[in-house]
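Colleague: Hi! Could you walk me through this one? I'd like to start with the overall layout and then look at some details.

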Amino acid sequence: MENAFGTFPGFEPGEWSNDACRGYVIMAMEDCGFSKKDIRRVVGQLYEVFDLNSVEDAKQKFHSSPY
């Protein structure tokens with residue numbers, strides 16, 4: 001997975017997965033103090049989001065978002 005600095009450590013080409021993304025989301029939400037209920041809700045929604053959107057859709061959303 002390329003970025004401005006090269007490849008993300010631990011994620012050589014072909015190692016990325018939706019489950020890895022879910023794991024990152026869970027870790028971030030836990031670190032921010034979200035409730036288990038809210039984490040389950042977001043992780044559940046990710047299944048639908050992954051099914052309905054491409055990686056390019058997600059990139060465009062990130063780059064155009066205020067976050």
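Modeller: Happy to! This is a predicted model, and its secondary structure comes to 3 helices and 2 strands.

Colleague: In what pattern do they follow along the sequence?

Modeller: Read along the sequence, the pattern is β-β-α-α-α.

Colleague: And how much of the protein counts as buried?

Modeller: Of its 67 residues, 15% count as buried. The accessible surface comes to about 5800 Å², and 59% of that belongs to carbon and sulfur atoms.

Colleague: Which residues make up the largest nonpolar core?

Modeller: That core has 6 residues: Cys-21, Val-25, Met-29, Ile-39, Val-43 and Leu-46. The elements giving two or more residues to this core are helix H1 (18-31) and helix H2 (36-52). As general background, nonpolar side chains in soluble globular proteins tend to be buried together.

Colleague: What does Ile-39 touch?

Modeller: Leaving aside neighbours within four places in sequence, Ile-39 is in contact with Ile-26, Met-29, Glu-30 and Phe-34.

Colleague: Let's turn to H1. Which of its residues are buried?

Modeller: The buried residues of H1 are Ala-20, Cys-21, Arg-22, Val-25 and Met-29. They pack against H2.

Colleague: What span should H1 have, and what does the model give?

Modeller: H1 has 14 residues, so at 1.5 Å a residue it should span 20 Å. Its end C-alpha atoms are 20 Å apart, which agrees.

Colleague: What follows H1?

Modeller: Gly-33 does, and its phi is positive, near 85 degrees.

Colleague: Back to Arg-22 for a moment. Why does it count as buried?

Modeller: Because its relative accessibility is 7%, and the cut-off for buried is under 20%. Arg-22 lies in helix H1. Not counting residues up to four places away in sequence, Arg-22 touches Val-43, Leu-46, Tyr-47 and Phe-50.

Colleague: Where does its charged end sit?

Modeller: The charged end of Arg-22 sits over the ring of Tyr-47, 3.8 Å from the ring's centre.

Colleague: Nice. While we're on rings, how many aromatic pairs does the structure hold?

Modeller: It holds 0 aromatic pairs.

Colleague: Great, thanks! Which helix should I picture against the buried residues of H1?

Modeller: Picture H2 there, as the buried residues of H1 pack against it.

Note on methods:
Residues numbered from 1 in each chain as written. Predicted model: local features only at pLDDT ≥ 70, side-chain atom pairs only at ≥ 80, totals over all residues. Heavy atoms only, no water. Core = buried A, V, L, I, M, F, W, Y, C linked by side-chain atoms within 4.5 Å. Buried < 20%, exposed > 50% of the residue type's maximum accessible area, 1.4 Å probe, protein only. Helix = DSSP H or I, 4+ residues; strand = E, 2+ residues; numbered from the N terminus. Contact = heavy atoms within 4.5 Å. Phe/Tyr/Trp six-rings, centres within 6.5 Å; stacked < 30°, edge-to-face > 60°. Lys NZ or Arg CZ within 6 Å of the ring centre and 35° of its normal. Expected span 1.5 Å × (residues − 1). Areas by Shrake-Rupley, 256 points an atom, 1.4 Å probe, with all protein chains shown as cover.
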